[in-house]
Number of protein chains: 2
Amino acid sequence: MKVTSKFERSRRKYKPKKTDAFTHALSNVSASEAEDGTVRFKSGFDFSFAGKRIGNVAIVLSDRLRPGVCNCIAGVHEAIVRHSPTSVLYGAVSGFSGFLEDGLKEITRNDVSRRMNRGGYDFLGASDFKPEKDEQFETIARICRQRDVNLIILIGGDELNSVLLNLSGYFESNDIQIRIISIPNCVNGGKTPGFSDYVFGADTVSRMYCEAIGNIQLESASSAKRYHFASVSGPNASRTLLECALACQSTLTLIGEEIRGKKLTFDNVSDAVADCVKTRKIAGKNHGVIIFPDNLFEYASDTRLLLRELSSIRRERKAATPEDEMEYLSSASLNALNSLPKPFRSGLRKCFSKNGQIEYSMIETGYILAQKVAEKLSDYYFNYEIHDLDFEANCAFPTNFDCTYSYNLGICAVLLGMMGKTGYVAAIDGLEKKPKHWLGLGIPLQLLMSEETRGDRKTKVIRKYSVDLNSKLFDRFRSVRTAFMLNDEFSFPGPIDYSSKEIEKPYFIQFSNEIHLSEHGNYGY
Amino acid sequence: MKVTSKFERSRRKYKPKKTDAFTHALSNVSASEAEDGTVRFKSGFDFSFAGKRIGNVAIVLSDRLRPGVCNCIAGVHEAIVRHSPTSVLYGAVSGFSGFLEDGLKEITRNDVSRRMNRGGYDFLGASDFKPEKDEQFETIARICRQRDVNLIILIGGDELNSVLLNLSGYFESNDIQIRIISIPNCVNGGKTPGFSDYVFGADTVSRMYCEAIGNIQLESASSAKRYHFASVSGPNASRTLLECALACQSTLTLIGEEIRGKKLTFDNVSDAVADCVKTRKIAGKNHGVIIFPDNLFEYASDTRLLLRELSSIRRERKAATPEDEMEYLSSASLNALNSLPKPFRSGLRKCFSKNGQIEYSMIETGYILAQKVAEKLSDYYFNYEIHDLDFEANCAFPTNFDCTYSYNLGICAVLLGMMGKTGYVAAIDGLEKKPKHWLGLGIPLQLLMSEETRGDRKTKVIRKYSVDLNSKLFDRFRSVRTAFMLNDEFSFPGPIDYSSKEIEKPYFIQFSNEIHLSEHGNYGY
């Protein structure tokens, strides 16, 4: 028998706040458009929404979504229902792979309210399949026409951005009147005006990691005899890590972008950890907590090369047997491989998907790093434990901030579609202000892309989020990390406070504004 | 700069409840003693406590403690301070290894109040060192005399029970007037009247695991394309696992005692998992969550033998090199080793401490099990993720139940010492009732021991906790597990509710009384 837990039931009762403009929904929203195509939603009557037909709407999810998806859907649902009660909201069962087989399922009010303020999205399924061919785009258009769907809303990460670009481009150039809007999970806004790349779900994940890291630190400080290595994961792992470092005041934090910026090898990184352990040993301390991104191998110069080469050998099926793969490696990559502790060398082969994609979660980065450090501390009994922080956090119940943020993003996406916008990203401007002062925003995906040189040719790519080593946040981290390493300045943030009606500011915003964790860091209501 | 987090500060304010007898502390407690030596504390004036001298008290902690230790210490502190304000409470820095070097440190009111209702015990340190020799016992007695310590309170697991027995026995037979009382973390009360072996900390750990498992289940049900293997750890791992299974309604739960009872090999266990995956595949389901104890290898008959032999080879230093170890293995153990997936066979060697003790947390049980299952599903793309649930939970902030439970245990331990009892275990009777109706209890450790045949001779050992396959709780599990496996009946318990003033009954008590997770499961205030 399915059971709804007490917490789930009580959590449903939380009412996400709405931005001022979205409070009265669509009858009182006005939109203004800037020269670069950016749309802003404010309060005020605007003829552009009155009487406009929505038609039906379809939602497509990508894989590995983070907390807040259910509230995005709830926001979409509310916007549709309030404006045009006859419109139907569909969800693509199993993402685009289901969509292509007409796998659209109605999302009812009951579906939405049962999952209000909850993690996961266990009624649609998702897929990492991306439609790329014209026939597939045509099939999608045909199915939309059959179902009277005029608006497709994509919720998810990176992989959906290229779909947004290609599908909306195809529809536009073929004069197909179906709009595509995306609510991204991971995009770097760079200097795009108003765009906050603090995506929905990031606050929850960051706080869940902080709770776990704080608890691990309690152990480390209590038993005072072992080191803990904890990795964090996700599309914004580095920023999450930086938030965790400042919130938890961990002994040592390995920021990927810094490792890349300084062109460090994996051996250099291990040296840094070993040095930390040695320094602390001199002070009589044999414990500590080291945190790092689960894709650390992507940042160290030599392991990055190694993984790239292994991936391409795998993709192009060059080698007949795993042993043969060694023959295709460059000498630099072979050196990288041989610099890893022996027991782990063959294991790297398991860390690729069927099509040669690197699966970082399958690399035992923590064990490899700890073992490598242990080898450098040969005369020292190095007692350590490994922790991979991942799914427990990624599917947690969203914080009030994320519940509210994603709900407004859902409303925003519908409004953009109604305005006839396509190829747009739904966003919120002014997250540092109170939610009622937040501004719904639509940004053409093109604005979030930058030119990159790949091989000989220039290509436009979507900027992935990375830590800005010149940011205020990183400066703050740089100024305190030596103290974190030398003294035990652990902080124990504890769990997410779901019981409060207040919305706490994300650590990112708190720390960027130099608010301390122990201070009052909420929006004031 | 050390920072106290907002949560930590607010959590300090929670006031643990007291049993009726302990409300007015020692002036109004009466003790009654049963024929078997069991002591019960009730309300009512009793001359036995009035005017009795406590002297100073020393606390010794063992390693790997669970949530509630700080509150045990707070309870001890309150009992002493209220009765005899001049008494000093000491803590042994780094357990008995520190004690022997006169490493006693005063525990002040400030130490206690700063850590009220918190996890960890980061001001004393701990050690797994056990004094075993008469000289060591003499040293302890000498240090106690110098410090006017009349009572030693041990907080911790298994290893402290034998110290309790030996040290109190030595003191008694040598007429040394120092009492020893223990607050155990892991003991099986069996049929001992009034003794609940639901130890302090178990509720917190269980709920933390349930939150993580529930979140993982949300992912599994949402993406609907991967299996998750999650292990739980700790001295009561099996019971914790049973609580998790009922609270989370996971797809498959591997109960150690059942595996042992049915004399299953590791291959048999893998077959059971593979069968579950196959059965669900036929129903179109390619996802699920499998939970198991981290010491699974201890329960499967062949891997248990293998580990025992490896341990004894290691302890007796029979083999010169790791490769040589193979020559000392029996053929049954060699078979067990060769039944493991190849990449993991050599890894087992790393899983022993310096003195040959098996370290289960170092065995990659989840990876080995998943890989073994994958081999049995050769024609199936078996997508899986591994999770080790351990320290994040073991050092969490205790629940209201554990805060209250451990606080009362601390008071109870002091009272037993004042009565002149030694070699006793502090306990609470009636945990299913409201805390004010709980009864403080003292049980001679002897009553918790049973006779076992080891080799040719009979010896008395302390019963370690294990799941009773004939219990009501296991019956309940047995009656629902097929439904859990076939249908997706996941429950998502969510996080511990620290904001409430109510005390929720532990799952163990709820489920033993057939209270459902969705129902009201608290003590009513």
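Is Arg118(A) buried or exposed? At 5% relative accessibility, Arg118(A) counts as buried, where buried means under 20% relative accessible area, exposed over 50%, and partly exposed in between (1.4 Å probe, protein chains only). This is a predicted model, in which local features need pLDDT of at least 70 and side-chain atom pairs count only at pLDDT 80 or more, whereas totals for chains, interfaces and linings use all residues. Side-chain values use heavy atoms, with hydrogens and water left out.

A salt bridge is a side-chain nitrogen of Lys or Arg within 4 Å of a carboxyl oxygen of Asp or Glu, and by this rule there are 46 salt bridges over all chains. Three of them are listed here.

| Salt bridge | N to O distance |
|---|---|
| Glu8(A) and Arg118(A) | 3.6 Å |
| Glu219(A) and Arg226(A) | 2.5 Å |
| Lys372(B) and Asp267(B) | 3.2 Å |

Lys372(B) and Asp267(B) link distant parts of the chain, 105 residues apart; Lys372(B) is buried at 7% relative accessibility, while Asp267(B) is partly exposed at 26%. Salt bridges that share partners also join Lys6(A), Asp203(B), Arg207(B) and Glu504(B) into one network. Glu8(A), for its part, is buried, with a relative accessible area of 6%, and Glu219(A) and Arg226(A) are both buried.

As for the two copies, chain B can be laid on chain A with an RMSD of 0.0 Å by a turn of 180° and a shift of 0.0 Å along the axis, when superposed by least squares on the C-alpha atoms of residues with pLDDT of at least 70 in both. That is the relation of a two-fold axis.

Terms used. Residues numbered from 1 in each chain as written. Chains lettered and ligands numbered in written order. Helix = DSSP H or I, 4+ residues; strand = E, 2+ residues; numbered from the N terminus.
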